[in-house]
Amino acid sequence: MNAPFPKVMAFAAAASIAPWAVGGLLSYFLPYPSGPSIGDRWQLFVDDAFSDVAWTFVPLTILATIAVTLVRPSRTWWAAATRSTVAYSVVLLAVSIASAVVSGTEGAVDYGFVRLTFALLTLQIPLCFLLSALLARRLLGLASEPDGRRHPVGPAH
């Protein structure tokens with residue numbers, strides 16, 4: 001690990017809990033298209049994701065997964081951001097599929113990918129990448145190039 005443990009945990013917490021909270025707020029407050037069947041499905045997603053006991057542990061699972069993925073040192077900020085976003089998405093997909101299998105839902109894999117699409121629409125995945133990219137430079141001290149140098153933006157002189 002190329003950063004102190006408290007900084008790694010702060011990075012993992014910001015990259016996991018903040019997107020989860022924003023996704024929850026957006027899914028709760030975004031208006032859904034009219035129609036009883038579409039509205040019922042939207043409400044099902046909101047209820048499933050934020051009131052089910054199993055789903056309350058998802059942000060902590062994502063936090064732990066991101067922290068574990070940072071044990072292997074990243075040389076650049078974009079590698080750490082990509083690794084964090086992939087970890088976030090994989091945990092969300094795995095928990096969605098497992099939840100669908102346990103509840104006996106038909107098409108459990110389809111449900112997992114619908115949940116992943118829902119996370120994209122409620123800005124969880126893009127926010128995870130953006131926060132990871134911003135914080136990788138500040139908290140983890142990662143450079144923008146693999147050789148460790150920070151290159152200025154613009155044409156070379």
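Guide: UniProt positions are given in the numbering used here, and such annotations may be inferred rather than shown by experiment. The model itself is predicted.

Visitor: Which residues does the UniProt annotation "transmembrane region" cover?

Guide: According to the unreviewed UniProt entry, the annotation covers residues 12-33, 53-73, 85-104 and 116-136. In the model, residues 85-104 are 95% helix and 0% strand, with end C-alpha atoms 29 Å apart. Residues 116-136 are 90% helix and 0% strand, and their end C-alpha atoms lie 24 Å apart.

Visitor: What is the mean pLDDT of the chain, and which elements have the lowest and the highest values?

Guide: As a general idea, where pLDDT is low, the predicted coordinates should not be read in detail. The chain has a mean pLDDT of 76, and 71% of its residues reach 70 or more.

Visitor: Which residues of H3 are buried?

Guide: An α-helix has 3.6 residues a turn, so residues three or four places apart point the same way. In H3 the buried residues are Val58, Pro59, Ile62, Leu63, Ile66, Ala67 and Thr69.

Visitor: Is Thr85 buried or exposed?

Guide: Thr85, which lies in helix H4, counts as buried because its relative accessibility is 12%, and buried means under 20%. Leaving out residues up to four places away in sequence, Thr85 touches Ile125, Cys128 and Phe129.

Visitor: Which residues touch the most other members of the largest nonpolar core?

Guide: This core has 28 residues, of which Phe11, Ile66, Leu70, Tyr88 and Leu92 touch the most other members. The elements giving two or more residues to the core are helix H1 (5-29), H3, H4, helix H5 (108-121) and H6. H4 gives the most, with eight residues.

Visitor: What is Phe11 in contact with, apart from its neighbours within four places in sequence?

Guide: Phe11 is in contact with Ile66, Leu70, Ser84, Ser132, Leu135, Ala136, Leu139 and Leu140, those neighbours being left aside.

Definitions and conventions: Residues numbered from 1 in each chain as written. Predicted model: local features only at pLDDT ≥ 70, side-chain atom pairs only at ≥ 80, totals over all residues. Heavy atoms only, no water. Helix = DSSP H or I, 4+ residues; strand = E, 2+ residues; numbered from the N terminus. Buried < 20%, exposed > 50% of the residue type's maximum accessible area, 1.4 Å probe, protein only. pLDDT = per-residue confidence, 0-100. Contact = heavy atoms within 4.5 Å. Core = buried A, V, L, I, M, F, W, Y, C linked by side-chain atoms within 4.5 Å.
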